[in-house]
Structure formats: structure tokens, C-alpha cells
Amino acid sequence: AAVDKAGYKHFMAKEIAEQPAVLTRALDAYFADGAIALPEPGLDFSRIERLTLVACGTAFYACLTAKYWFEQLARLPVEVDVASEFRYREPPISPGTAALFVSQSGETADTLAALRYCRDRAETIGAVVNVTESTIARESDLVLPIHAGAEIGVASTKAFTCQLTVLLLLALRAAHARGRLDDAALADKIAGLRALPGLVNHGLAIEEATRDIARRLSEARDILFLGRGIMYPLALEGALKLKEISYIHAEAYASGELKHGPIALVDEHVPVIVMAPRDGLFDKTISNMQEVMARGGRILLVSDATGIREAGDGVWQSLAMPEVDPWLAPILYALPAQLLAYHTAVAKGTDVDQPRNLAKSVTVE
Ligand code: G6P
């Protein structure tokens, strides 16, 4: 049956709202008898020595996020690149490399070319795709579906959080196979992940507040996003979403890079959106935030209620997310990134589902 908007004003709004349901479905598909189960032929993480992750656009930011998971949870070295660079760089692929290509459509020309480059070089080729009948899926040894369902909005939302979920499952599997998580620790992580769709559902409660903030953001000409550690890729995704559909210039920086350039842009006209769950780097992010405020910058702090309280006075706006284990935060905090972009675009009156000059799938170079 044709996909409709189910009463929502835009496909993007519907696709944001259905994330609790599709994340649950994606997770269900990867469990059998309580254990993580991969489609055949699986991936033998006791033999894989490094991972290469390649993608474009939003899928690339899912890969960048996954690098933190694979490295921190599984101590597995990961190389990440955008497909258009990877394919022409002719990177050496060392023995024991598994190459994963992440693509919603499975038809992105550069990602496919990168896959073909790895064909006779990598140990295994895997496709993390939404469309399982796609060319990228067909040409892979292993297909890992993300189970997001049809995504119509050009700006990717639920495919991103489903890509993250599948990549995180792989990282947990790798951590267990490499002896970095014992059975009990793995069970604990799995319980946390299984509870995540419920948190995402609670997180949707920020929508009203987001709409108000977005009306103010829609007057800005430039917006900065900051994040540290695993939240840095999410900051990049937040900036991408915003520029794609609201046409406001947005840039993301790793918080620690603030002093190396972007702070020169800060004044009262440039809102700075800080993605700061209470993780091990929270205090550092807050001190970067204070540097921005000291220069008259307007901060939108995205954290939990305790984090917002600890950050003290002087913050322009805040969005309170449910408390979450820091390693799960990129999936939960994708919501404010998406909702801010969506409502800013609606406030500006742009064509949210069909933004100018962009295509859902880039099948030519
Ligand atoms: C286009 C779309 C993006 C998407 C990117 C990669 O730029 O507008 O939403 O992230 O292509 O697409 P893929 O299908 O390979 O994930």
C-alpha cells in the first residue's frame, strides 16, 4: 500500500514520531532467545581486526558515531570515510578488515563505488541498508537491514536512528566476542538498549518547547552546533538537518575546537546549540558553553534536567531530555536535532519534505 502522512503535516513529522515504534521493530529483528542474532552468514568478530565504515550524508554521521562505540566498547579500530573521498583515495585495506557500507536507499552511487573498490580487498563486505532489494545489498556478503520502513522525507530521520541502533548492536556483539564485555555486562547493555525506544517516546514530549525555540531560531542567519566525544557526530547531524530543510547556515564543531576558529563568529546573533548529556565530558562541554556566553553568545542547551540545573544561569534556552546512559545518548538526542530542524523549517515555510536542490537518493556521481 502507498505510504501516507497518517494525519501529519509532513512525512518528516510522521517519520520522527514513529521512531519509538520502528526502533522497537529494528531491535526485535536482531534478537533470538534474548541473544543478539545477525542474519546469515553473520560476522565473526573474534577474527575481524579492523572495520572500515563508508557512507554519505546522514548515514556517514551514523558511521562516525559508531566509531566511538566500536572503539570504546569493543576496542576495535575503525576507519570512517565519506564514500566520495574513499573511492578515489585508494586506501590500503589491511587483512582482517570488514568493510560496512551504510545507506538508507542502498543505491547511492559513491557508496556503491566504494563497495566495489573493497570487493576483492576486504575480508567481508556488509551492507547496513533500509532497502534490502537494493544494489548495495545485492553486492554484499552480509545484509543488515535497519527495518525503518519506507522513508519519504528527503531529510533522513528514522533511518538515522535505526542505522545507529543496528551499528550499536554490532558493537555490542563485537565487544562480547573480543572479551571486552562478559555475559552479565552484555545482558546489562542489552537491557539498556531494549529500554531505549521507551525513552525516545518520552523524549517526544519536548516537541512543544522545540516549536517555540524554533520560531526564534528561524530568524538566525548562522547557527553553531557543539558536541564532544560521541555527541560530536550528532552535532554534525543536527547542523546537516537544519541546513537541509531550513536553509539556515549551520556548522558543527567538536566543543574542544571552539577556540580554534568558530569562537570568532560568536555574538548575540549566532545561536549556539550545545548537545550535552551528562557524560564524562559534561563539565568540559559546559566550560566551552560558558566561553560562548562570556562573548555574548546565545546558548540553547540540550541536556537532562539535572544537567540544565548544573549548567547554571545565563543560558538562553534549554531542552530537557530524559536521563539516559551516555553511550545511548546519540540515539535519544537525535530527536531534538530532528525536531529543531523540522520546526525551524516549518516556521520559515520551506518545503520540508522536498527541500530545494536535494534528492532522497543520489544515484549519479
Ligand atoms: C542524500 C539524502 C540524505 C542521505 C544521503 C545518503 O543526500 O538526501 O538524506 O543521508 O543521500 O543516502 P543513502 O541512501 O546512501 O543513505
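1. A residue is buried if 20 or more other C-beta atoms lie within 10 Å of its own, exposed if 12 or fewer, and partly exposed in between, with C-beta atoms placed from the backbone. The model is predicted: local features need pLDDT of at least 70, side-chain atom pairs count only at pLDDT 80 or more, and totals for chains, interfaces and linings use all residues. Numbering starts from 1 along each chain as its sequence is written. Helices (H or I, at least four residues) and strands (E, at least two) are DSSP runs, numbered from the N terminus.

2. Start with the backbone exceptions. R75 sits in the loop between α3 and β4. Its phi is near 50°, a positive value in a residue other than glycine. R75 counts as exposed because it has 12 C-beta neighbours inside 10 Å. D33 also has a positive phi, about 50°, although D33 is not a glycine. The loop between β1 (31-32) and β2 holds D33. D33 is exposed, with 5 other C-beta atoms within 10 Å.

3. There is a cis peptide bond to check. This bond joins E40 and P41, with omega at about 0°. P41 belongs to the loop between β2 (35-36) and β3.

4. Next, the parallel sheet. Five strands form an open sheet in the order β4-β3-β5-β6-β7, and the pairing is parallel. Strands pair if DSSP finds at least two bridges between them. At the edges are β4 (78-82) and β7 (142-145), each pairing on one side only. From one strand to the next, the twist averages 20°. Strand β3 (residues 50-55) is joined to β4 by five bridges, and the two run parallel. Opposite D81 in β4 stands V54.

5. Helix α5 (residues 109-118) goes with this sheet. It lies across β3, β5 (97-103) and β6 (124-129), and runs at about 165° to β5. (Axes are lines fitted to C-alpha atoms, for helices over the stretch in contact; angles run from 0 to 180 degrees between N-to-C directions.) Seven of the ten residues of α5 are buried, so the helix is largely enclosed by the rest of the structure. Those buried are D110, T111, L112, A114, L115, Y117 and C118. Their cover includes β3, α4 (83-89), β5, β6 and α6 (135-138).

6. Now the ligand. Its shell has 16 residues, and the closest are G57, T58, S103, S105 and T108. (Near means a C-beta atom, placed from the backbone, within 6 Å of the molecule.) Helix α3 (residues 57-74) gives the most to this shell, with three residues. By class, the shell has six nonpolar residues, nine polar and one charged. (Ala, Val, Leu, Ile, Met, Phe, Trp, Tyr, Cys and Pro count as nonpolar, Asp, Glu, Lys and Arg as charged, and the others, Gly among them, as polar.)

7. S156 deserves a look. The residue lies in the loop between β7 and α7 (158-177). S156 is buried, with 28 other C-beta atoms within 10 Å. Leaving aside neighbours within four places in sequence, S156 is in contact with T58, Q104 and E151. (Contact means C-beta atoms, placed from the backbone, within 7 Å.) M293 is 137 residues from S156 along the chain, and their C-alpha atoms are separated by 32 Å.

8. L226 is in strand β8 (residues 222-227). L226 counts as buried, with 28 C-beta neighbours inside 10 Å. Not counting residues up to four places away in sequence, L226 touches A235, Y253, S255, L258, V272, V274 and N288. C-alpha to C-alpha, L226 and T285 are 8.3 Å apart, while 59 residues apart in sequence.

9. Strands β10 and β11 make a parallel pair. Five bridges join β10 (residues 271-275) to β11. M275 has V302 as its bridge partner in β11. Strand β11 (residues 298-304) is mostly covered, with six of its seven residues buried.

10. Last, helix α9 (residues 196-203). Which of its residues are buried? They are L196, P197, L199, V200 and G203. Seen down the axis of α9, these buried residues fall within an arc of 155°, so they line one face of the helix. (The arc is that of the directions from the helix axis to the C-beta atoms.) An α-helix has 3.6 residues a turn, so residues three or four places apart point the same way. The buried residues of α9 pack against α2 (19-29), α8 (183-194), β12 (317-321), α14 (329-332) and α15 (334-348).

Technical notes. Contact = placed C-beta atoms within 7 Å.
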